[in-house]
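Here are my notes on the model you sent. Please read them with the coordinates open.

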Amino acid sequence: MKTVFMGTPDFAVPCLKALAESGHEVAGVFTQPDKPKGRGYKMIPTPVKTAAAEYELSVYQPRSLRKGDDGAEAMRILREIAPDIIIVTAYGQILPKEVLELPKYGCINIHASLLPKYRGAAPINWVILNGEKETGVTSMQMSEGLDTGDMLIKRSAPIGENETYQELYSRLSEIGAEVLLETLDAVENGLLSPQKQDDSLSCYSPMITKEMSALDFSKTASEVHNTIRGVTGFAMLDGKRLKIFSSTLTGKSAYDAENGEITDASFFDVKCGDGKIIRFLEVQPEGKKRMKTQDFLRGNKLTSGTILNQEVL
């Protein structure tokens with residue numbers, strides 16, 4: 001089939017690579033415009049653009065598919081390509097009705113959740129924040145609603161107790177590539193059985209904000225742990241910002257300690273609101289590199305009884 005691929009971040013790259021290495025023609029790749037980054041504000045290509053260059057694929061980067069000259073030019077290109085199907089994976093733009101209706105087989109989205117749960121922009125973060133034990137990838141026939149189209153193929157995946165969103169993100173991106181190829185094969189062979197989504201079972205996963213990373217030690221140890229796993233945590237230690245990348249639940253308790261108190265400085269154990277103890281495994285002190293907690297402790301003497309404070313962002 002003649003395909004057009006639309007995607008932007010790292011998550012979409014395995015899907016694009018799988019598509020490019022399949023028997024399907026990739027007639028064009030749409031991705032977000034390059035953005036300036038770093039001190040020199042150098043324009044950086046999106047991960048999908050970089051991957052497309054490896055396969056010498058034509059790349060288009062309209063600022064919008066819906067408005068102005070960019071939208072009109074994008075529609076002209078799409079009509080000229082005349083794809084049989086458009087594949088969308090974390091593109092970052094809403095597709096207008098005229099795009100959705102252009103291809104023979106419509107537009108198919110590879111979404112990182114088990115729809116209808118966790119529609120929206122940040123499903124991988126939210127399944128962890130909410131302490132889910134299972135997630136997955138769903139291919140979906142796109143409609144004008146937000147992730148409301150008919151479900152095509154699902155692949156579930158367990159979530160590890162200490163798994164972070166970065167780890168799950170990487171794992172689901174590979175599963176997404178498998179789901180994409182399986183879906184395209186089913187489209188070609190007329191084997192799809194689309195299923196309507198039950199809106200009563202849906203929930204929304206909005207964009208992540210910086211404020212969500214501030215650790216509140218009055219919450220339960222599980223909630224603090226899920227925040228660290230889901231968005232990476234921040235706290236204040238001796239007046240300096242400390243970033244926490246990973247943690248684990250110890251199963252220990254210290255009901256006589258204060259919330260946020262370091263109960264065992266040799267392991268960086270901290271008491272939470274339910275009396276349970278969480279242990280930090282990987283941290284980044286202000287102005288320094290990310291490191292394992294044991295490496296941090298070798299260069300920083302902690303004292304049991306020290307209180308970590310919630311950072312004001």
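1. Glu223 sits in helix H7, residues 221-231. Helices here are DSSP runs of H or I with at least four residues, strands are E runs of at least two, and both are numbered from the N terminus. Glu223 is partly exposed, at a relative accessible area of 41%. The classes are buried under 20% relative accessible area, exposed over 50%, and partly exposed in between, with a 1.4 Å probe and protein chains only. Asn259 is 36 residues from Glu223 in sequence, and the C-alpha to C-alpha distance is 13 Å.

2. A word on conventions. This is a predicted model, so local features need pLDDT of at least 70 and side-chain atom pairs count only at pLDDT 80 or more, while totals for chains, interfaces and linings use all residues. Residues are numbered from 1 along each chain as its sequence is written, and side-chain values use heavy atoms, with hydrogens and water left out.

3. Ser246 belongs to strand S13, residues 240-253. Is Ser246 buried or exposed? Ser246 is buried, with a relative accessible area of 13%. Leaving aside residues up to four places away in sequence, Ser246 touches Thr164, Ile228, Arg279, Phe280, Leu281 and Glu282. Contact means heavy atoms within 4.5 Å.

4. Now strand S1, residues 2-7. Of its 6 residues, 5 are buried, so S1 is largely enclosed by the rest of the structure. S1 runs parallel to strand S2 (residues 25-30), joined by 5 bridges. Two strands pair if DSSP finds at least two bridges between them. Val4 stands opposite Gly28 in S2. From S1 the chain passes through helix H1 (residues 13-20) to S2, a right-handed β-α-β crossover. Right-handed here means that, with the strands pointing away from the viewer, the path from the first strand over the helix to the second runs clockwise.

5. S1 also pairs with strand S6 (residues 85-89), in the parallel sense, over 5 bridges. In this pairing, Thr3 stands opposite Ile85.

6. Check the packing of H1 on helix H2, residues 47-54. Their axes come within 9 Å and cross at roughly 20 degrees. H1 is therefore roughly parallel to H2. Axes are lines fitted to C-alpha atoms, for helices over the stretch in contact, with angles from 0 to 180 degrees between N-to-C directions. Under 35 degrees counts as roughly parallel, over 145 as roughly antiparallel, 65 to 115 as roughly perpendicular, and the rest as oblique. H1 contributes Val13, Leu16 and Lys17 to the contact, and H2 contributes Pro47, Val48, Ala51, Ala52 and Glu54.
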